[in-house]
Amino acid sequence: MPAAGIAARVVRWQREHGRHTLPWQNTRDPYRIWLSEVMLQQTQVATVLGYYDRFLQRFPDVAALAAAPLDEVLALWSGLGYYSRARNLHRCAQAVVADHGGRFPPDAAALATLPGIGRSTAAAIAAFAYGERAAILDGNVKRVLTRAIGFAGDLARPAEERALWREAEALLPEQGIERYTQGLMDLGATVCLARRPQCLLCPLAEVCVARTEGAPERYPVKTRTLRRGRRRHALLWLSRGDAVWLVQRPDSGVWAGLWSLPEYESAEDLEALVAGWPGQGAWLDPFVHVLTHLDWTLEPLRWTLPPALAAEPGAVEAALPAGRWFTRAQALAAGLPAPVRRLLEADAPLSR
């Protein structure tokens, strides 16, 4: 049973204690709201702030984003992770321009048909841009609502997920949907934390079932666990004067569509490839790149071609996967995975 008075408590709390100065607040512009919602998926506000500002400087409206090359979009996204969001962002902008005359649809149902916009994101855009009474249910809000109403259904089961959606819709206020929606987001981000929730500061403390039970961290219930994998590969950082050889990764999988250093199954495979090459090389310290589902150990081999060969490295190129030379400036302007960008920015010397 939904706890009484949740919406009114959330609205009052948001007015007095919620966040009011984030750059995507206090606007009815669906483009800016959509951009922030996509960037904030699985990413902290502090990380998003700089990216949001840079995106708006380069792409001030949906038409500018739709007209941009995907490589440029990926380059500005580099470091935010979950690169499928950037590709869907670009596809969505193009769909809005091509199919909707450059204007975002004015309701959640139509918004949810656009690439990369799920039910919760569509509801957030509709609520903030158009004042539609639509329920959101992102990760933070699931935590707030399951604790508040004591929803013990296993969200790994689609039927229980649908049941929680019905509960969320039943709680919607008749008025003040924007402040209510923002309040749920703010509570999940700042008070009703996954670990060590700040129950004494929560406006729902008096009606919260999970707090009454003394076990807020038990919610939400989701039994399916993600199996983490481990992977180890070698990377070839091949330099020719000021240039570096980059390859574009496939359209699916990790770092899909980004430009990266050539990848090899093992250090031994890469050692065999470069045996007899002109120039000099050295292995840099390996590092672990942590993804949602994977701990990926990467071993970079830095290889520098000699000046005499730099102008005509054809024999070396023939042994490489398809790609092209980038100047350092061109590489840093391309869509690069964050760890590759850090390597090139540091331009580390040969270490061993």
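Predicted model: local features only at pLDDT ≥ 70, side-chain atom pairs only at ≥ 80, totals over all residues.
Residues are numbered from 1 along each chain as its sequence is written, and side-chain values use heavy atoms, with hydrogens and water left out.

Start with the overall division. The protein is assigned domain 1 (6-218) and domain 2 (229-347), with bounds that come from an automatic or database domain assignment. Between the C-alpha centres of domain 1 and domain 2 there are 37 Å. Eight residues of domain 1 and 15 residues of domain 2 take part in the contact, where contact means heavy atoms within 4.5 Å. About 770 Å² is buried between the two domains, 48% of it on carbon and sulfur atoms; buried area is the accessible area (1.4 Å probe) that two parts lose on being put together, summed over both. The number of salt bridges between domain 1 and domain 2 is zero, a salt bridge being a side-chain nitrogen of Lys or Arg within 4 Å of a carboxyl oxygen of Asp or Glu.

Next come the spaces in the structure. They are found on a 1 Å grid over the protein atoms alone: a cavity is a set of points where a 1.4 Å probe fits but cannot get out, while a pocket is an open set with protein on both sides within 12 Å along at least five of seven lines. Lining residues have an atom within 4 Å of a point. Grid points are joined across faces, edges and corners, and a volume is the space filled by probe spheres set on the points.

The largest pocket holds about 1600 Å³ of space. It is lined by 40 residues, and L40, D138, G139, N140 and M185 are the closest to its centre. Two or more lining residues come from each of α2 (30-40), α3 (45-58), α8 (119-130), α9 (139-149) and α11 (177-190). Such helices (H or I, at least four residues) and the strands (E, at least two) are DSSP runs, numbered from the N terminus. With six residues, α11 has the largest share of this lining. By class, the lining has 14 nonpolar, 17 polar and nine charged residues. Here Ala, Val, Leu, Ile, Met, Phe, Trp, Tyr, Cys and Pro count as nonpolar, Asp, Glu, Lys and Arg as charged, and the others, Gly among them, as polar.

The second largest pocket has about 460 Å³ of space. Among its 23 lining residues, G81, Y82, Y83, L291 and T292 lie nearest the centre. Domain 1 and domain 2 each give at least three residues to this lining. At least two residues come from each of α6 (84-100), β6 (287-290) and α17 (338-346), and α17 gives the most, three. The lining is made up of 10 nonpolar, 11 polar and two charged residues.

Now to the cavities. Two cavities of 30 Å³ or more are found in the whole structure. The largest cavity, of about 110 Å³, is lined by 14 residues, with R147, C192, C199, C202 and C208 closest to its centre. Its main contributor is α9, with three residues. Of the lining residues, 11 are nonpolar, one is polar and two are charged.

The second largest cavity has a volume of about 50 Å³. Its lining consists of A134, A135, I136, L145, A168, L172, I177, Y180, T181 and L184. The most residues, four, come from α11. Nine of the lining residues are nonpolar and one is polar, with no charged residues.

Two backbone features remain. Most residues other than glycine have a negative phi, and most peptide bonds are trans. Y219 and P220 are joined by a cis peptide bond, with omega about -10 degrees. P220 sits in the loop between α12 (209-213) and β1 (229-240). Q42, in the loop between α2 and α3, is a residue other than glycine with a positive phi, near 65 degrees.
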